[in-house]
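Please look through the structure below alongside the notes that accompany it. The points are numbered so that each can be checked in turn.

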Amino acid sequence: MIKKEIFYIGAEFGAGAGTIGCEKAPCVISDNIPQVKNKMATMITMDNSKRRKECVDNLAESCKNLARAVYEQKQKNHFPIVIGGDHSSGFGTWSGATKDEGDYGVLWVDAHFDLHTFETSDSSNPHGMPVAGLMGYGDNRLTNILYNGIKVKPENVAFIGTRCYESKERELAEKLNIKVFYAEEVKKVGFAKCFQSVISSFQNKGIKFGISFDMDCLDVQEITAVGTPVKNGLILNDVMDSFNNTNLEGLDVLEVVEYNPQLDKTGNDVNVVKKVLSCFDKNILI
Ligand SMILES: [Mn+2]
């Protein structure tokens with residue numbers, strides 16, 4: 001649980017994904033979870049009319065606004081939780097979170113690496129690129145959000161749940177010696193061990209850190225209302241147990257992304273988002 005007062009920031013980003021619809025998630029989530037609605041500090045809108053490379057100017061503009069909102073909440077000694085939107089919000093969230101911080105850890109819980117650039121990506125969807133961008137790789141409109149230069153060093157990045165990626169992404173992760181707990185390993189040793197290992201590594205360095213939680217990290221049996229569902233994913237109960245039972249001293253910002261309400265045929269998958277948030281916000285009861 002988070003000790004600071006939590007405020008939510010909606011990020012209505014949808015153009016960064018291959019499947020449109022994530023831009024509606026902040027509204028749907030706040031309509032379904034009163035605590036989110038009550039503590040919504042601001043909604044960051046985005047012009048989602050252009051896609052792929054053509055959306056970069058709009059994306060950079062919205063990311064700047066998002067980064068400012070995250071930074072402002074931190075200045076007020078609040079704990080910001082960013083509600084996406086597609087994962088291209090990551091360029092903004094972590095630019096705001098890291099401003100004035102020096103070394104800063106980011107745990108990326110995701111089925112994907114999100115380590116693409118426009119040079120390596122076949123789809124050219126920016127939601128597959130934020131981790132590369134935060135480390136300084138890619139379009140310079142997206143690598144200089146809020147302040148110039150690298151936001152997170154490779155040694156302070158970690159992945160859990162990775163299982164769907166292109167070879168160029170894995171090559172970059174290996175070249176930069178980034179810690180990766182692939183989904184296979186999580187299955188073998190358990191989510192708790194992997195999570196504890198990452199959190200301890202940040203805490204041992206004495207650095208603040210954030211978690212970027214892509215709903216598609218979860219198995220398709222847990223949630224299907226995500227743009228790019230991938231089987232052999234994480235088990236919700238395991239994730240919740242770890243989130244609930246780990247000392248998260250140093251956790252500074254949380255981002256929860258990629259829920260797509262347009263794909264939520266039963267309306268039940270929004271409750272999966274609610275369950276994840278309930279681990280951090282004691283006022284959300286499940
Ligand atoms: Mn992602």
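1. Basis of the note. This is a predicted model, in which local features need pLDDT of at least 70 and side-chain atom pairs count only at pLDDT 80 or more, while totals for chains, interfaces and linings use all residues. Residues are numbered from 1 along each chain as its sequence is written.

2. Overall form. The secondary structure of the protein comes to 10 helices and eight strands, where helices (H or I, at least four residues) and strands (E, at least two) are DSSP runs numbered from the N terminus. Along the principal axes, the C-alpha trace of the protein spans about 45 × 40 × 40 Å. The radius of gyration of the protein is 17 Å, which agrees with the value near 19 Å that a compact globule of 286 residues would have; the radius is taken over C-alpha atoms, and the globule rule is 2.2 Å times the number of residues to the power 0.38.

3. Burial and contacts overall. Of the 286 residues of the protein, 52% count as buried, a residue being buried if 20 or more other C-beta atoms lie within 10 Å of its own, exposed if 12 or fewer, and partly exposed in between, with C-beta atoms placed from the backbone. Among contacts between residues at least 6 apart in sequence, 74% join residues at least 24 apart; two residues are in contact if their C-beta atoms, placed from the backbone, lie within 7 Å.

4. Helix H1. In helix H1 (residues 25-32), the residues Ala25, Pro26, Val28 and Ile29 are buried. They lie on the same side of H1, because they cover an arc of only 165° around the axis, the arc being that of the directions from the helix axis to the C-beta atoms. The cover over the buried residues of H1 includes strand S1 (6-11), helix H2 (34-38), strand S2 (40-44), strand S3 (79-84) and helix H10 (270-278).

5. Helices H3 and H4. The axes of helix H3 (residues 56-75) and helix H4 (residues 90-98) come within 7 Å and cross at roughly 35°, where axes are lines fitted to C-alpha atoms, for helices over the stretch in contact, and angles run from 0 to 180 degrees between N-to-C directions. H3 passes H4 in a right-handed crossing; a crossing is right-handed if the near helix is turned clockwise from the far one by less than a right angle, and left-handed if anticlockwise. Among the residues that make this contact are Leu66, Ala67 and Val70 of H3 and Phe91, Gly92 and Ala97 of H4. By class, the contact of H3 with H4 has eight nonpolar, five polar and two charged residues, with Ala, Val, Leu, Ile, Met, Phe, Trp, Tyr, Cys and Pro counted as nonpolar, Asp, Glu, Lys and Arg as charged, and the others, Gly among them, as polar.

6. Helices H8 and H9. Helix H8 (residues 191-205) and helix H9 (residues 236-245) pack at an angle of about 40°, with their axes 9 Å apart, and H8 passes H9 in a right-handed crossing. Phe191, Ala192 and Phe195 of H8 meet Asp238, Val239, Asp241 and Ser242 of H9 in this contact, whose residues divide into four nonpolar, one polar and two charged.

7. The two sides of H9. Val239, Ser242 and Phe243 are the buried residues of H9, and they are on the same side of H9 because they cover an arc of only 100° around the axis. H8 is included in what covers them, whereas Asn237, Asn244 and Asn245 are exposed on the other side of H9.

8. Glutamate 169. Which residues does glutamate 169 contact, leaving aside its neighbours within four places in sequence? They are Phe113, Leu115 and His116. Glutamate 169 lies in helix H6 (residues 167-175) and is buried, with 23 other C-beta atoms within 10 Å. Glutamate 169 and threonine 120 are 49 residues apart in sequence, yet 8.1 Å apart in space, C-alpha to C-alpha.

9. Backbone details to check. The peptide bond from glycine 84 to glycine 85 is cis, with omega near 15°, and glycine 85 is found in the loop between S3 and H4. Asparagine 77, in the loop between H3 and S3, has phi near 65°, a positive value in a residue other than glycine, and is exposed, with 8 other C-beta atoms within 10 Å. Aspartate 114 has phi near 55°, a positive value in a residue other than glycine; aspartate 114 lies in the loop between strand S4 (105-109) and helix H5 (130-134), and counts as buried, with 25 C-beta neighbours inside 10 Å.
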